[in-house]
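Take a look at the model below. Then read on for a short tour of its helices, its core and its rings.

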Amino acid sequence: MPFWAQILIGLALGVLLGWIARSQDLSWLVTTLEKVGGTFVGLLKLAVAPLVFFAILVSITNLRKVNNAARLASRTLLWFMITSLIAVAIGLAIGLVTNPGAGTGLSPADGEAPEKTGSWIDFLTGIVPTDVITPFTELNVLQIVFMAAVAGIAALQLGEKAQPILTLSESVLELLQKALWWVIRLAPIGTVGLIGNAIATYGWNLIGKYATFTVDIYVGCLIVLFGVYPALLATVAKVGPVQFFKGAWPAIQLAFVSRSSVGTMPLTQKVTERLGVPKEYASFAVPFGATTKMDGCAAIYPAIAAIFVAQIFDVPLGVGDYLLIAFVSVVGSAATAGLTGATVMLTLTLSTLGLPMEGVGLLLAIDPILDMIRTATNVAGQALIPVIVASREKILDREKYNAVHASPVDETPEPKDTRPVPATV
């Protein structure tokens, strides 16, 4: 059975079991769904810290195999920023038109300030770790990226002396990716638990309270996903958008279920390579994007959420505030670091605008439902940018791109040797 069909069955079964658990008040079923979904996410997170470290380290050193590496890196970053600006502009436009905070029945008293908040001081000082162990034990992805980047650049400077370390790093990365493939194959089962638990825990009543806000997030992400991205593919990359989604869909649907850009990273890299992006460039662009390229979590979501919170707390926003939201979205997106949820980015946006942190508490309950479409949008963008840059730099294998069709979760069989067997005497 195709992987996408397994995911769809998991979604349908999860919704059904979640509805049964909630309507019949079956606490044992709620607990079971929670444990199944939690175990799947836990398995994904288990590999996050070492995966990010070795992926970034190896990706930086792989750039030495690519012509015009500095140009490719700068173009990648530039397109990250361009698409983030487009996404945040769409988010602001939707928020201003729909007024998501009006008529919800919510008040400032319903909010609760989070225990941890993001600020520019924390963001800047938090990049450099105080030791090499804590970032891995506390899963501080931003600090892990910093250490990996330093190690990668140092390895490039050392040249041949660093080759044994690079060989070991490549082997460890392949090992981690192989182990994560086994976890990814469990995604249909994880889907049942995650979706079922969300329905059983929150029900449809909660979504009703946040109806406008929820619809805004989904509409904004879908506009970017199926409007902006295809337009960029057709006009900038000059390739067929349908082929892109055909190739990238397994990664997008896994991101929707797992709500983790980093957990989806091996699959994202595989689909990007199958879309004709050279492996040496994809192995840099995808890990880089998985930790910094967040159109859903860091652009659309904070833009609409800031307007929502401002309306609940009756705080007027001006043109300067909207420009500030755009700035935070482009510069601070690394704060989300590819993990489940976008609370850090939201607190960073609210603190920059001077909005009450209690606004975060208003959105925490609905966050898991929103995070699915946000992460799917993130991952689609992380596959999109390498295709655009590779196409413009004329290194995209267009024959491979146009021929993509197989589900990338299936292992590619080795080609059969069709040469004639030499006769034996």
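**Annotated spans and helices**

This is a predicted model. An unreviewed UniProt entry gives the feature "transmembrane region" at residues 39-64, 76-97, 180-205, 217-237, 298-317 and 323-348. Consider two of these spans. Residues 76-97 are 100% helix and 0% strand. The end C-alpha atoms of residues 76-97 are 32 Å apart. Residues 298-317 are 75% helix and 0% strand. Here the end C-alpha atoms lie 19 Å apart.

**Two loop residues with positive phi**

Asp25 is not a glycine, yet its phi is positive, about 55°. Asp25 sits in the loop between α1 (3-23) and α2 (27-46). Is Asp25 buried or exposed? The relative accessible area of Asp25 is 66%, so Asp25 is exposed, the cut-off being over 50%.

Lys394 is also a residue other than glycine, and its phi is positive, near 60°. Its place is the loop between α18 (367-392) and α19 (398-403). Lys394 has a relative accessible area of 74%, so Lys394 is exposed.

Asp367 belongs to helix α18. Its relative accessibility is 8%, so Asp367 counts as buried. The side chain of Asp367 makes a polar contact of 3.1 Å with the side chain of Arg374.

**The nonpolar core**

Which residues have the most contacts inside the largest nonpolar core? They are Phe213, Phe244, Leu363 and Val387, in a core of 123 residues. Helix α18 supplies the largest share of this core, with 14 residues. Another core lies apart from it and has 6 residues, including Met294, Cys297, Val328 and Leu348.

Leaving out residues up to four places away in sequence, Phe244 touches Leu233, Leu275, Ala380, Ala383, Leu384, Val387 and Tyr401.

**Aromatic pairs**

The structure holds 10 aromatic pairs. Two of them share Phe245.

| Pair | Centre to centre | Angle between planes | Kind |
|---|---|---|---|
| Phe226 and Phe245 | 5.2 Å | 35° | tilted |
| Phe244 and Phe245 | 5.3 Å | 80° | edge-to-face |

Why does the pair of Phe226 and Phe245 count as tilted? The planes meet at 35°, which is neither under 30 degrees (stacked) nor over 60 (edge-to-face), so the pair is tilted. This pair links distant parts of the chain. Phe226 is in helix α10 (residues 211-237), and Phe245 is in helix α11 (residues 241-258). The two residues are 19 residues apart.

Their surroundings can be compared through accessibility. Phe226 has a relative accessible area of 43%, so Phe226 is partly exposed. Phe245 has a relative accessibility of 14%, so Phe245 counts as buried.

Rings also form a cluster: ring pairs link Tyr210, Phe213, Tyr301 and Phe308. One of these residues, Phe213, was named above among those with the most contacts inside the largest core.

Conventions:
Residues are numbered from 1 along each chain as its sequence is written. This is a predicted model: local features need pLDDT of at least 70, side-chain atom pairs count only at pLDDT 80 or more; totals for chains, interfaces and linings use all residues. Side-chain values use heavy atoms; hydrogens and water are left out. UniProt positions are given in the numbering used here, feature names are shortened, and annotations may be inferred rather than shown by experiment. Helices (H or I, at least four residues) and strands (E, at least two) are DSSP runs, numbered from the N terminus. Buried means under 20% relative accessible area, exposed over 50%, partly exposed in between (1.4 Å probe, protein chains only). A polar contact is a pair of N or O atoms within 3.5 Å; within protein, one must be able to donate a hydrogen and the other to accept it, and residues adjacent in sequence count only if both atoms are side-chain atoms. A nonpolar core is a set of buried Ala, Val, Leu, Ile, Met, Phe, Trp, Tyr and Cys residues joined through side-chain atoms within 4.5 Å. Contact means heavy atoms within 4.5 Å. Rings of Phe, Tyr and Trp (its six-membered ring) pair if their centres lie within 6.5 Å; planes under 30 degrees apart count as stacked, over 60 as edge-to-face and the rest as tilted.
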